[in-house]
Amino acid sequence: MSTPSLAALPVRRLTPRDLTACADLSENRGWPREEHKWGLLLTAGTGYGIDDPAGGLVTACVVTEYGPRERPELSAIGMVLVAERHSRQGVGRRLMRHLVEGLGTTPLTLHATVHGRPLYEELGFKVTGRAEMVRGVFTADRLEPEVFTRPATAEDLATVLQLDEEIFGADRTHMITRLPAFSDQLRVAEDNGRIIGYAAAWPNMTDHVIGPLIARDTETAKALVSSLAAHTDRPLRTDVDVRHEELLAWLKERGLASVAFNAVMTYGILELPGDWTRRFAPLTVAAG
């Protein structure tokens, strides 16, 4: 029996049962397995993939939708991967076309590597920003931050959700309510008892990734990072909007080094909604 051509293999929805196959695909392309992150994305978002007749996946990605379920206001595309032995055969292009057509008029966003950017530009995505990934062992400031921070509690959730929607520009309750279980730390910043920012640190392989990082200003963002760093002995990693030059410079002074840059791209909108001045880092670039 002949093996079906790649063009004949159907795109299907992935479920949390596909987590191991997705992690295997990441590993196949030289990425970390990131099973913890895949687990979040496959439950809070919708995975798409093509099964390999020989076993595993030919390709996979995840779409995370924000806003009303019946009419999403923004969809983020992430974790677009093609198995090494099927690369450069148009599989990634086919999957992306399937997504763009299926998502209709919903505005789209993604973070693109240098290698992926030409495909996305071909499909009509435009570069609207950049994010810089920094990583390293954090060295604390000698002076205590002036902004007060503390662990988040269940009573904070409604306020955090309201603040997040205001700054992110769309409702992402289904993601933020998963943070207490997904992250190892979730902290808020306060000014006279009013929450002015929040941040999480979640485990990814040997690192703690800081994200989301939502803050009234740079000093608040620094205080949140410092408080998270004080409660972990792992290296920190985060992806910061390059327009936040002061925060990036401070992180590098504290021991984090630049690892990579990603292009922030959009489709159907000229720029991302919300307030970028208070949106310092995403939960993960895969989820926008």
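Which element gives the largest share of the lining of the second largest pocket? Hold that thought. We will get there by way of the largest pocket.

First, a caution. This is a predicted model.

How do we look for pockets? Rolling a probe the size of a water molecule over the atoms shows where empty space is left.

Start with the largest pocket. About 1,300 Å³ of space lies in it. Its lining takes in 42 residues. Find Trp31, Val80, Leu81, Thr113 and Gly116 on your screens: they lie nearest the centre. Now the elements. Those giving two or more residues to this lining are strand 4, helix 3, strand 5, helix 4, strand 11 and strand 12. Strand 4 runs over 74-82, and it gives the most, with 6 residues.

Next, the second largest pocket. Its volume is about 400 Å³. Here 23 residues form the lining. Closest to the centre are Asp241, Arg243, Val264, Leu272 and Arg279. Three names to note among the elements: strand 6, strand 11 and strand 13 each give two or more residues.

Back to the opening question. The answer is strand 6, with 4 residues of the lining. You will find strand 6 at 126-136. By class, the second largest pocket is lined by 11 nonpolar, 5 polar and 7 charged residues.

One last thing to look at.

Conventions:
Residues numbered from 1 in each chain as written. Predicted model: local features only at pLDDT ≥ 70, side-chain atom pairs only at ≥ 80, totals over all residues. Heavy atoms only, no water. 1 Å grid on protein atoms, 1.4 Å probe; cavity = no way out; pocket = protein on both sides within 12 Å on 5 of 7 lines; lining within 4 Å. Points joined across faces, edges and corners; volume = space filled by probe spheres on them. Nonpolar A, V, L, I, M, F, W, Y, C, P; charged D, E, K, R; others polar.
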